[in-house]
Every structure is written in structure tokens, then in C-alpha cells.
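Please look over the model shown here and work through its helix packing, its charged pairs and a few of its distances.

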Amino acid sequence: MDMNEETKKLNDLSNKYEAAKSSYFSDLERDVNRQDGSARQDALHDQYMEESRARYRTAESAFEAQVKLVASLLEKKNT
């Protein structure tokens, strides 16, 4: 594995994670101020919130895995 390539990937994943995090927390803030709608609207909103949370969690997991990979590569390089 190329350290430069993996570091670049880490930066990209960091940006994606921060964007997903920001979006998710914005969605949560809107959710707090949201008024109830019809059963269908509530179901669609719940589905949207689940998808937003899933995007956030997926980005978080990918970022954390890449952090571990780069740390491992740095460790190998320094030994």
C-alpha cells in the first residue's frame, strides 16, 4: 500500500465524514422543530432520518477504518 495514496484517501474520507456529520446534525435540528404531519408524511420523514443517520454512520466507519490503516502504515514505516 502506498502511504501517499492512503493519506489522500484519509483526507477525502475525512471531508465526506464531516459533510455527512454536518448534514445529519442539521437534519436533527430541523427534526426538533418539525411539526407532526399525516401518517404518510411522518413515515417518509422517519425514513429520511434513518437514511441520513445511515449515511453519517457509514462515513464515520469508513473514516475511522482509514485512520487505523494509516496509523498502521506509519507504525510499519517507523519500525
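A salt bridge is defined here as a side-chain nitrogen of Lys or Arg within 4 Å of a carboxyl oxygen of Asp or Glu. This is a predicted model, in which local features need pLDDT of at least 70 and side-chain atom pairs count only at pLDDT 80 or more, while totals for chains, interfaces and linings use all residues. Residues are numbered from 1 along each chain as its sequence is written, and side-chain values use heavy atoms, with hydrogens and water left out.

Q: Which residue forms a salt bridge with Arg 34?
A: Arg 34 counts as partly exposed at 28% relative accessibility, on a scale where buried means under 20% relative accessible area, exposed means over 50% and partly exposed lies in between (1.4 Å probe, protein chains only). The closest N and O atoms of the pair are 2.8 Å apart.

Q: Is Asp 27, which pairs with Arg 30 in a salt bridge, buried or exposed?
A: Arg 30 and Asp 27 are 3 residues apart in helix 1 and are therefore separated by about one helical turn. In their salt bridge the closest N and O atoms are 2.2 Å apart. With a relative accessible area of 2%, Asp 27 is buried.

Q: At what angle do helix 1 and helix 2 pack?
A: Two packed helices are described by the angle between their axes and the distance between the axes. The helices are DSSP runs (H or I, at least four residues), numbered from the N terminus, and the axes are lines fitted to C-alpha atoms over the stretch in contact, with angles running from 0 to 180 degrees between N-to-C directions. Helix 1 covers residues 3–32 and helix 2 covers residues 39–77, with their axes 8 Å apart and packed at an angle of about 155°.

Q: How many nonpolar residues does the contact of helix 1 with helix 2 have?
A: Helix 1 and helix 2 are roughly antiparallel to each other, a term that applies to angles over 145 degrees. By class, their contact also has 6 polar and 10 charged residues, where Asp, Glu, Lys and Arg count as charged, Ala, Val, Leu, Ile, Met, Phe, Trp, Tyr, Cys and Pro as nonpolar, and the others, Gly among them, as polar. The count of nonpolar residues is 19.

Q: Which residue's side chain makes a polar contact with the side chain of Gln 66?
A: Gln 66 is placed in helix 2 and counts as buried, at 5% relative accessibility. A polar contact is a pair of N or O atoms within 3.5 Å; within protein, one must be able to donate a hydrogen and the other to accept it, and residues adjacent in sequence count only if both atoms are side-chain atoms. At 2.7 Å, the side chain in contact is that of Glu 6.

Q: What is the C-alpha to C-alpha distance between Asp 2 and Val 70?
A: Asp 2 is placed in the segment before helix 1 and is partly exposed, at 42% relative accessibility. In sequence, Asp 2 and Val 70 are 68 residues apart. In space, their C-alpha to C-alpha distance is 9.9 Å.

How values were computed:
Helix = DSSP H or I, 4+ residues; strand = E, 2+ residues; numbered from the N terminus. Parallel < 35°, antiparallel > 145°, perpendicular 65-115°, else oblique.
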